[in-house]
Amino acid sequence: MSADLSVTVWNEYRHERDSEAVAEVYPDGIHEAIAAGFEERGFETRTATLDDPEHGLTEGVLDETDVLTWWGHRAHDEVADHVVERVVERVRDGMGLLVLHSAHYSKPFKSLMGTSCALKWREADERERLWVIEPGHPIADGLPEQIEIPEAEMYGERFDVPAPDELVFTSWFEGGEVFRSGCCYNRGSGRVFYFRPGHETYPIYYRDDIRDVLANAAEWAAPTDGPDPFYGNAGPLEEL
């Protein structure tokens with residue numbers, strides 16, 4: 001199925017250009033590392049960044065996108081509201097959305113959740129254990145029972161999001177916190193997956209197991225061939 005899917009990898013692409021520490025990890029940008037994982041697994045892949053015209057997310061690009069991945073951190077407010085509305089509308093119409101790490105605070109995700117999406121956080125190079133709590137879920141296909149990440153930024157509960165329709169991963173951190181790290185949502189005809197790992201100073205997006213999660217999530221979130229719903233005033237199907 002992946003060969004038939006078009007993935008657009010979006011990244012604000014700011015840290016990599018002004019931080020030597022981040023550039024050492026992702027010299028070509030976080031988006032290129034994520035895109036490489038999709039390309040290796042046979043997806044048709046393009047990238048887009050905040051400073052591209054229309055943030056690289058024109059109507060034409062989104063119309064050709066089955067699944068959009070979003071990484072942002074410090075420039076959430078610079079994303080134009082009309083582009084956010086365009087993305088949200090496409091999700092509700094069936095486009096998949098993968099929201100990565102600090103993009104929990106992005107405009108599209110907050111709009112689709114309707115909550116603050118706030119959480120606890122700490123940067124202390126601590127160990128994370130990502131537990132698969134729904135082993136039969138398509139996003140967990142082929143994964144071990146748990147994924148250990150030796151150094152990670154901590155995200156902790158409470159995570160102010162609606163209760164997920166399905167929860168695939170829960171994280172434990174060395175400092176004691178836990179976190180809902182793999183949250184699935186249905187919005188209109190579209191699917192949204194929030195995935196926690198991915199801080200910019202750690203080489204997480206080069207890991208095969210993390211790339212497998214993202215590939216599985218793209219397959220899960222991809223548009224389906226279900227009927228197009230009709231809304232508005234409707235005539236009776238039977239004689240009244």
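Phe193 is in contact (heavy atoms within 4.5 Å) with residues from several stretches of the chain: leaving aside its neighbours within four places in sequence, the partners are Leu97, Leu98, Val99, Ile139, Val168, Phe169, Gly182, Cys183, Cys184, Val213, Ala217 and Trp220. Phe193 also belongs to the largest nonpolar core, which has 40 residues, and is listed with Phe38, Leu98, Ile139, Phe169, Phe195 and Tyr205 as having the most contacts inside it. A nonpolar core is here a set of buried Ala, Val, Leu, Ile, Met, Phe, Trp, Tyr and Cys residues joined through side-chain atoms within 4.5 Å. Buried denotes under 20% relative accessible area, exposed over 50%, and partly exposed the range in between, with a 1.4 Å probe and protein chains only. Helix α7 (residues 208–221) supplies the largest share of this core, 8 residues. Another core, of 33 residues, lies apart from it and includes Trp10, Val87, Val99 and Phe159.

The model is predicted, and local features need pLDDT of at least 70, side-chain atom pairs count only at pLDDT 80 or more, and totals for chains, interfaces and linings use all residues. Residues are numbered from 1 along each chain as its sequence is written, and side-chain values use heavy atoms, with hydrogens and water left out.

**Strand pairing**

Helices (H or I, at least four residues) and strands (E, at least two) are DSSP runs numbered from the N terminus, and two strands pair if DSSP finds at least two bridges between them. Strand β1 (residues 6–11) is largely enclosed by the rest of the structure, because 6 of its 6 residues are buried. In a regular strand the side chains alternate between the two faces of the sheet. In β1, Ser6, Thr8 and Trp10 point one way, Val7, Val9 and Asn11 point the other way, and all are buried.

Two parallel pairings involve this strand. β1 pairs with strand β2 (residues 44–49) over 6 bridges, and with strand β3 (residues 67–71) over 5 bridges. Asn11 takes part in both, standing opposite Thr49 in β2 and opposite Trp71 in β3.

Strand β5 (residues 120–132) has antiparallel partners. With strand β6 (residues 146–156) it pairs over 9 bridges, and Lys120 stands opposite Gly156 of β6.

**Cysteines**

A disulfide is a covalent bond between the sulfur atoms of two cysteines. With the criterion of two cysteine sulfur atoms within 2.5 Å, a search of the whole structure finds 0 disulfides. The closest cysteine sulfur to that of Cys117 is in Cys183, at 10.0 Å, which is too far for a bond. The sulfur of Cys183 has its closest cysteine sulfur in Cys184, at 7.7 Å, again too far for a bond. Cys117 counts as buried because its relative accessibility is 0%, and Cys183 counts as buried at 0% relative accessibility.

**Salt bridges**

Side chains of opposite charge can pair when their charged atoms come close. The criterion for a salt bridge is a side-chain nitrogen of Lys or Arg within 4 Å of a carboxyl oxygen of Asp or Glu, and a search of the whole structure finds 19 salt bridges.

| Arg74 | Asp18 | 2.4 Å |

Arg74 forms its salt bridge with Asp18. Arg74 lies in the loop between β3 and α5 (81–92) and Asp18 in helix α1 (residues 15–18), so the pair ties together parts that are 56 residues apart in sequence. Arg74 is partly exposed at 45% relative accessibility, as is Asp18 with a relative accessible area of 49%.

Arg122 is partly exposed, with a relative accessible area of 28%, and Glu177 is partly exposed at 21% relative accessibility.
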